[in-house]
Amino acid sequence: MTLLHDFDAKVVWTGNTGEGTADYKAYERTWEVRTPGKPAVQCSNDPLLGGDASLHNPEDMLISALSACHMLWYLHLASEAGVVVLAYEDSPVGHGESEPSGAGRFVSAELRPRITVAAGTDLAKADALHSEIGKVCFIARSVAFPVHHKARYVIA
């Protein structure tokens with residue numbers, strides 16, 4: 001039986017500088033993501049679209065969510081497979097395109113985890129786990145673009 005989940009959040013625009021949207025340049029592209037019981041996350045639009053480069057934007061959050069979901073499933077599958085992971089970090093990149101109209105989309109993403117594993121680890125087995133994650137990761141199963149993996153391994 002399929003189990004349904006709800007994920008609640010509130011997005012609150014904080015960029016009204018006094019005139020609302022009376023003019024395209026009269027407002028800021030800032031907001032907060034408020035999730036019950038968690039600290040608010042300050043956000044802004046992509047700097048290419050007039051946003052604040054020091055704040056998270058939707059594209060940052062999507063690629064980070066994709067990477068985090070992959071990591072959590074990798075750790076889960078590794079523990080089941082007897083692959084001992086000692087450290088994991090990723091520097092994912094999302095590849096996007098923008099049309100002259102301003103419409104944009106992700107066309108692909110590349111996850112580039114650097115995974116430290118225990119001495120004696122079967123690296124082929126460790127690497128094969130990545131191909132299984134797309135079958136189970138909530139975020140990876142939800143995106144409409146290909147996700148590639150380019151893992152590097154460090155033996156500790």
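Guide: A salt bridge is defined here as a side-chain nitrogen of Lys or Arg within 4 Å of a carboxyl oxygen of Asp or Glu. The structure is a predicted model, in which local features need pLDDT of at least 70 and side-chain atom pairs count only at pLDDT 80 or more, while totals for chains, interfaces and linings use all residues. Residues are numbered from 1 along each chain as its sequence is written, and side-chain values use heavy atoms, leaving out hydrogens and water.

Visitor: What makes the contact of arginine 34 and glutamate 32 a salt bridge?

Guide: Their side chains meet at 2.7 Å, N to O, and the limit is 4 Å; therefore the pair qualifies.

Visitor: Why is glutamate 32 called buried?

Guide: Buried means under 20% relative accessible area, exposed over 50%, and partly exposed in between (1.4 Å probe, protein chains only). Glutamate 32 has a relative accessible area of 15%, so it is buried.

Visitor: How many salt bridges does a search of the whole structure find?

Guide: The search finds 3 salt bridges. One of them joins arginine 105 to glutamate 97, with the closest N and O atoms 2.8 Å apart. Another joins lysine 135 to glutamate 132, at 3.1 Å between the closest N and O atoms.

Visitor: Why is arginine 105 called exposed?

Guide: Arginine 105 has a relative accessible area of 52%, and the cut-off is over 50%, so it is exposed. Glutamate 97, at 35%, is partly exposed.
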